[in-house]
Amino acid sequence: MNMAQTDVLLVACGSFNPPTIMHLRMFEIARDHLERLGQLKIIGGVMSPVHDAYQKQDLVSSEHRCNMLRLALSDHDWVRLSEWECQQSGWTRTRQVLQHYQNQLNSAMNANHDSPLKRQRQCSNRDEVDDAVQNFSNWIPNQCASSGSDRPVKVMLLCGADVLESFAKPGLWNIKDIETIVGQHGLVVITREGTNPYRFIYESDVLTKHMGNIFIVTEWITNEVSSTKIRRAHRRGDSIKYLVPDSVMQYIQQNQLYQEGANSTTNEKSL
Ligand SMILES: Nc1ncnc2c1ncn2[C@@H]1O[C@H](COP(=O)(O)OP(=O)(O)OP(=O)(O)O)[C@@H](O)[C@H]1O
Ligand SMILES: NC(=O)c1ccc[n+]([C@@H]2O[C@H](COP(=O)(O)O)[C@@H](O)[C@H]2O)c1
Ligand SMILES: [Zn+2]
């Protein structure tokens with residue numbers, strides 16, 4: 001392995017209402033691209049569905065969304081579901097979400113090895129270490145838990161270019177949060193129809209300042225599936241097979257999600 005490599009955990013935040021094949025593809029596209037560049041090693045991925053309090057149009061309960069993600073990821077070898085956001089008392093800003101995973105990862109890595117920190121904690125606060133290991137094991141990539149490596153793992157945000165462009169929506173993102181996300185964590189952005197992430201970075205001082213930490217990944221095998229389009233198709237009785245994992249499609253049918261009448265009469269935005 002190249003000694004200059006940094007280990008990375010990719011975290012995708014979103015509604016996943018429902019999870020689509022593109023949500024899963026994002027991780028593949030990102031890993032291929034980043035590993036080809038040579039400096040980053042992707043040791044795992046986490047899908048972190050947003051809390052019900054996010055109150056996006058037609059958002060089904062986090063219980064359903066987590067169940068669907070669990071099914072979608074049941075045989076995934078390197079991406080895991082984290083229910084942490086959904087278990088909080090309200091919506092958590094993305095900077096705090098990333099910070100949480102980074103903290104968990106740091107303490108669990110320390111707990112995992114016979115580090116001075118672990119020895120210190122064994123004397124003073126054993127429960128905290130056990131908690132970290134417990135929570136850690138739910139979403140931690142296997143190779144990380146067993147790597148025996150003392151190298152830090154960097155938590156990066158994985159998103160589509162529409163989320164990057166939402167940084168400019170007045171009142172939606174705190175500028176300090178953006179600075180922390182791009183400056184300390186880093187951003188992996190998958191291109192999406194109707195977006196121009198290169199121009200968007202050019203037009204932003206803070207993004208330009210941290211552009212070394214922003215990776216734009218062009219999806220050449222374009223696929224404009226979105227959860228909105230899935231909900232719409234299902235509501236109209238059209239097939240959604242091959243657009244969501246089969247297990248997710250069955251779950252939607254069994255639980256009668258996204259039925260006719262469930263949506264508003266307004267036109268839904270596609271991203
Ligand atoms: N086709 C796609 N190409 C690139 N990124 C995508 C695509 N679909 C979803 N994403 C990304 O997945 C993450 C989760 O998004 P989200 O749950 O909003 O899915 P969505 O398909 O955009 O759903 P909705 O239509 O309800 O907004 C976001 O970072 C979003 O940009
Ligand atoms: N200020 C913030 O931290 C902020 C603002 C808007 C959306 N988000 C997050 O971005 C994701 C976007 O999801 P949607 O694309 O489904 O709206 C969600 O996980 C949401 O929590 C974060
Ligand atoms: Zn979206």
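Me: How many aromatic pairs does the structure hold?
Reply: This is a predicted model, in which local features need pLDDT of at least 70, side-chain atom pairs count only at pLDDT 80 or more, and totals for chains, interfaces and linings use all residues. Residues are numbered from 1 along each chain as its sequence is written, and side-chain values use heavy atoms, with hydrogens and water left out. Rings of Phe, Tyr and Trp (its six-membered ring) pair if their centres lie within 6.5 Å; planes under 30 degrees apart count as stacked, over 60 as edge-to-face and the rest as tilted. The number of aromatic pairs in the structure is four.

Me: Which kind of aromatic pair do W84 and Y101 form?
Reply: The ring centres of W84 and Y101 are 6.2 Å apart. With 65° between the planes, the pair is edge-to-face.

Me: Is Y101 buried or exposed?
Reply: Buried means under 20% relative accessible area, exposed over 50%, partly exposed in between (1.4 Å probe, protein chains only). Y101 has a relative accessible area of 0%, so Y101 is buried.

Me: Which residue, with a positive phi, follows α9?
Reply: Helix α9 covers residues 175–185, and its buried residues include H185. The residue after α9 has a phi near 105° and is G186.

Methods:
Chains are lettered from A and ligands numbered from 1 in the order in which they are written. Helices (H or I, at least four residues) and strands (E, at least two) are DSSP runs, numbered from the N terminus.
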